[in-house]
There are 2 protein chains.
Amino acid sequence: MSATPTPTPSTDWLRLDQQICFSLNAASRAFGGLYRGILKDLGLTYPQYLVMLVLWEHGGLPVKKLGEHLRLDSGTLSPLLKRLEAAGLVRRERSARDERSVEVHLTEEGTALRERALEVPRRIAAATSFDVDEIRALRARLDELTVALDAAAEADAEAGA
Amino acid sequence: MSATPTPTPSTDWLRLDQQICFSLNAASRAFGGLYRGILKDLGLTYPQYLVMLVLWEHGGLPVKKLGEHLRLDSGTLSPLLKRLEAAGLVRRERSARDERSVEVHLTEEGTALRERALEVPRRIAAATSFDVDEIRALRARLDELTVALDAAAEADAEAGA
DNA sequence: AGCCATTTAGTTGTGCACAATTGAATTGTG
DNA sequence: CACAATTCAATTGTGCACAACTAAATGGCT
């Protein structure tokens, strides 16, 4: 071993402050903290809010479709939807024409909650201090990144298999 | 169904695809998936890898300092560090001069793991298809955002109190 | 029709994030 | 010194992410 490695030239690729993933993770959790405060009034967690957004936009959907919109699987959605159902915001019912599928519908209360949710994006936007174009550009960048990462993870998984 | 609300003009602020937080969250989870595959060889999860990065860079640290670097509290770190200890990568010992504090040190094995971790950033960078300057710019942007969000969450919390 | 691969939700188990609380050690103040 | 306030780690409890598996329903194929 001899003498601590400490190579740390200006290009130490293992430095935390050089890792994009850390900045991303930190920003994601900072958003989480802000949403937590704002959504508490609505009785929603952030992932629950995302589910409600999809339902408000598309109406009733099977769990599968919901998962495609949000990139989440039934392992995450099943318990989350149960909690939304317990809160009286959604109903879950087996599809008549395909008994495997469970369709998620808004209740009256769930539909009504949309009105109160309208102020959420405004409060969030106020917090970022970024203007609309900056947000759009950043979002586009991140989506590019996500596509590249998903493709790479896919390729990696297949190489490993 | 009495006419779905569907206000959806081109500025429906509740549309999922307009929300920066969703892109951020998606990118963060996409990174997670990629790291999961790469770090499996090292026997680390992504948060465990972050802890190891800090230890490789700074050497032994009390849990508190570790948490400041990573923005994590003892509720997250305590069990995580126990798992790293069980894996033989770190030792935890009460500080002699302040019995409240627990110092986390790398074991030989933990120090040695750094060599094998050197290829991780390379593999990640290859997956992003972004060049170094783009990454740097994106990271700077995200860090700005994080600062703004933390400040806003702080202000929000105080207003609520 | 009978059989089999696929699809769809749900369940189980592991690990992380975070709020709230506990308990011990330390520090500040009278 | 005594005692209140603070600091630090750990614990408890809730909820999310994801892998692996189960069970039921479906659709294709012979």
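Which residue forms a salt bridge with Asp98(B)? The partner is Arg100(B), and the closest N and O atoms of the two are 2.8 Å apart. A salt bridge here is a side-chain nitrogen of Lys or Arg within 4 Å of a carboxyl oxygen of Asp or Glu. Asp98(B) is partly exposed at 27% relative accessibility, and Arg100(B) is exposed at 71%. Buried stands for under 20% relative accessible area, exposed for over 50%, and partly exposed for what lies in between (1.4 Å probe, protein chains only).

The model is predicted, so local features need pLDDT of at least 70 and side-chain atom pairs count only at pLDDT 80 or more, while totals for chains, interfaces and linings use all residues. Residues are numbered from 1 along each chain as its sequence is written, chains are lettered from A and ligands numbered from 1 in the order in which they are written, and side-chain values use heavy atoms, with hydrogens and water left out.

The two protein chains come first. Their contact (heavy atoms within 4.5 Å) takes 62 residues from chain A and 64 residues from chain B. Between them the chains bury about 6000 Å², with 69% of it on carbon and sulfur atoms. Buried area is the accessible area (1.4 Å probe) that two parts lose on being put together, summed over both. Leu14(A), Ile20(A) and Leu149(A) supply 12% of what chain A buries against chain B, more than any other three residues.

Three salt bridges run between chain A and chain B. In one of them, the side chains of Arg15(A) and Glu57(B) meet at 4.0 Å, N to O. On the side of chain A that touches chain B, helix 7 of chain A gives the largest share, 16 residues. Helices (H or I, at least four residues) and strands (E, at least two) are DSSP runs, numbered from the N terminus. The residues of that side divide into 37 nonpolar, 10 polar and 15 charged. In this count Ala, Val, Leu, Ile, Met, Phe, Trp, Tyr, Cys and Pro are nonpolar, Asp, Glu, Lys and Arg are charged, and the others, Gly among them, are polar.

Gln19(B) gives a local view of the contact. Its place is in the segment before helix 1 (20–39) of chain B, and Gln19(B) is buried, with a relative accessible area of 5%. The side chains of Gln19(B) and Tyr35(A) are joined by a polar contact of 3.3 Å. Residues that Gln19(B) touches include Tyr49(A), Leu53(A), Pro121(A) and Arg139(A).

The DNA is next. DNA strand D is surrounded by 26 residues, the closest being Thr76(A), Arg83(A), Lys64(B), Ser74(B) and Lys82(B). A residue is near a strand if one of its heavy atoms lies within 4 Å of it. Sugar and phosphate make up 76% of the atoms of DNA strand D that come within 4 Å of the protein. Lys64(B) is exposed, at 60% relative accessibility. From chain A, a backbone N or O atom of Glu99(A) lies 3.2 Å from a phosphate oxygen of DNA strand D. The surface near DNA strand D has six nonpolar, eight polar and 12 charged residues.

DNA strand C has 26 residues around it, and Lys64(A), Ser74(A), Ser78(A), Thr76(B) and Arg83(B) come nearest. A polar side-chain atom of Ser78(A) is 2.9 Å from a phosphate oxygen of DNA strand C, and an N or O atom in the side chain of Arg29(A) is 3.1 Å from one.

Across all chains the structure holds 24 salt bridges. Arg123(A) and Asp41(A) form one, with the closest N and O atoms 3.8 Å apart. Because Arg123(A) lies in helix 6 of chain A and Asp41(A) in the loop between helix 1 and helix 2, the pair ties together parts that are 82 residues apart in sequence. In chain B, Asp41(B), Glu119(B), Arg122(B) and Arg123(B) are linked in a network of salt bridges.

Note on methods: A polar contact is a pair of N or O atoms within 3.5 Å; within protein, one must be able to donate a hydrogen and the other to accept it, and residues adjacent in sequence count only if both atoms are side-chain atoms. Lists of a residue's contacts leave out its neighbours within four places in sequence.
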